[in-house]
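Work through the exercises below with the sequence and the 3D view side by side. Each task is followed by a solution that goes step by step.

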Amino acid sequence: MRYTVTSALPYANGPIHAGHLAGAYLPADIFVRYLRLKGDDVIFICGTDEHGTPITFRALKENRSPREIVDYYHEHIKTTFERAKISFDYFGRTELPVHYRVSQEFFLKALENGHLVKKIEKQAYCEHDKMFLPDRYVIGTCPYCGAEEQRGDQCEVCGHPLTPEKLVNPRCNICGGSITFKDSAHYYIKMQDFQTRLKEWIEKNAHWKPNVRNTVLGWINEGLEERAITRDLAWGIPVPLEDEDIKGKVLYVWFEAPIGYISITIEHFKRLGKEEEWKKYWISGDDETKIIHFIGKDNIPFHAIFWPAFLMAHGGDWILPYDIPANEYLNLEGKKFSTSRNWAIWVHEFLDEFPADYLRYYLTAIMPETRDADFSFKDFKAKINEELVNVLGNFVHRALTFANRYFDGKVPEAGELDELDKQAFEEIEKAFNEVGELISKYRFKDALKRVMALAAFGNRYFDYKQPWKTSKTDRVRTATTIHVSLQIVKALGALTEPFIPDASEKIWHLLNLEEVKKWEFTPLSPGHKVRKAEILFRKVEDEQIKAYLEKYLPVLLEKYFPQEVKAKKKEEPKKKKSKEKEKAEVTEMGYIKFEDFVKVDLRVGKIISVEDHPNADKLYLLKVDLGDEVRQLVAGLKKYYKPEELLNRYVVVVANLEPKKLRGVESQGMLLAADDGERVALLMPDKDLKPGARVG
């Protein structure tokens, strides 16, 4: 069997967090490592998505070019995946000539086959910024579920695709002002051309996850409509037509991004000097190839409806996806990840403090395969210490220690096997079969549990046989116990490879094996020399978690270290008394404790819009750019600042206040300012920092 396996192309506009890893990249890597152990022909393809408004929006905010943004984040994301041991065969990018060429070919073939139509439609336009606004540059209220602050491409709450004109109360996401709609010519793909064929194809895919299949069929049953595949944007792949109406426009990123799977595969084989080899993995022939796309649930419509439609529109013998396993979302301590509020586990930061295997093990153990999951530091510590350390690590260490202590580090010859010895070999065989079956069905949590069940069996076997006692009375029995235990260790060395590859390699090293790992069991030969036992895993200590939280998530310190917080609170009155003696006026103000101060999230912001409050003469409505989002703030600054004095000014914002309505308008934060009783002055950074930078 041949496989083409992909993970969703991450936008090159920011780092990777644990939710991304658990959703599309770790499950794909587990699956691919399993296929390689089986000896299947598989390529694992991914790369950065480097066009579209996420890139241009970040470039605009940071006053940098899109090229600078994508170059930086391509390398950052690639390095992060390497550190997390995600084993792509090739990690490419869509800002390469081959991707331009293939994407333009797809556009022209769809046009030639009659599946595209040019239409002049009203497009969102900002009079303030003098530009047409791509969908992500427009925000408003979702007409389907009523969620506010949704972008004009897709609702993040209900998942419905959107267009700017469908939004309720749409406005510009750059300046925050109202928008108009002007005529603009674009090409649309006639999705209705593929409705029947798509439905028949999806109904045949009974092996798909129910969440994917039901979502897609629901969409199709609502009726597919024409959808724009070009846009008014300077950064992207030019539309390959000599047409004045389309001059200066680019291919819509949602059209060309999935084509990146093909172009990156082409680039991969070109670099290997096998330029025609890519066709085996994308074009049907004599041999069967299965294409599997691992994604998060927000990508379901684009991979299960639009992408197959693009392949159909091109024509030819393209292989349609065999499966599209989509995971749900990962939350952090019961709340959704929020990059703008720094409520996230950034993978590169986490790997600075903990081994990659720890993150991989925990994310697999809680993987959001059928429902949203929750990352908890308490649970993380428990699973690593009680499972990896106490079960797997303990068993491997015991077996190797006794082999070295009593048999000179060699695999001893086994005596006659009793029923429990025979059961051990049966458990090994069953583990390979059952873990493989579970992985092939994308049940990675259960597969990992089954691996750990074999390690737990090994510990029970070792305890029951009591080699520390039989070593004094029955050397043959002891030899048999250690022989069997080392066979279990070898099995675990292969079985752990998809999940925790560093530990798998270390087990292989401790067993002194040079053979290539396979998804089958061949026993160690008597007399084979193993190395001295080493500790596989070290316990996660509170100090490690504390150090991580202090550095990256200080708001969680009080939750996890309440006793220390209490101790500091008890010391505080003493300090306060001495301060009161020194400076009486400070007594009236009091002091806040350090652990209270770190709860305040101070961020650098840039004021991008200033308007009068509709219901108050002394208040302004400000739009403040905080890096990953734009906040609306109500500020009593009208007496002290003119609008032009505030526009484009850098300020300091309290970013984690609960929203509050002031004279009927919601304020989503607070500006820091000084007040001497007569005048008010905003506190500002002395240098222009990136919006969203932390202050502390």
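**Exercise 1: a pocket and its lining**

The second largest pocket has a volume of about 710 Å³, where a volume is the space filled by probe spheres set on grid points joined across faces, edges and corners. This is a predicted model, in which local features need pLDDT of at least 70 and side-chain atom pairs count only at pLDDT 80 or more, while totals for chains, interfaces and linings use all residues. Residues are numbered from 1 along each chain as its sequence is written, and side-chain values use heavy atoms, with hydrogens and water left out.

Task: find which residues lie nearest the centre of the second largest pocket, and which element gives the most to its lining.

Solution. Begin with the term itself: on a 1 Å grid over the protein atoms alone, a pocket is an open set of points where a 1.4 Å probe fits, with protein on both sides within 12 Å along at least five of seven lines, and lining residues have an atom within 4 Å of a point. Of the 34 lining residues, Leu-162, Thr-163, Lys-166, Glu-226 and Arg-227 lie nearest the centre. Strand 4 gives the most to this lining, with 5 residues, strands being DSSP runs of E of at least two residues and helices runs of H or I of at least four, numbered from the N terminus.

**Exercise 2: a lysine in a helix**

Task: decide whether Lys-490 is buried or exposed, and find what lies 2.6 Å from a polar atom of its side chain.

Solution. Lys-490 lies in helix 16 and, because its relative accessibility is 5%, counts as buried. The backbone oxygen of Thr-522 lies 2.6 Å from a polar atom of the Lys-490 side chain. Beyond four places in sequence, Lys-490 is also in contact with residues including Trp-508, Phe-521 and Pro-523.

Key:
Buried < 20%, exposed > 50% of the residue type's maximum accessible area, 1.4 Å probe, protein only. Polar contact = N/O pair within 3.5 Å; in protein donor to acceptor, adjacent residues only side chain to side chain. Contact = heavy atoms within 4.5 Å.
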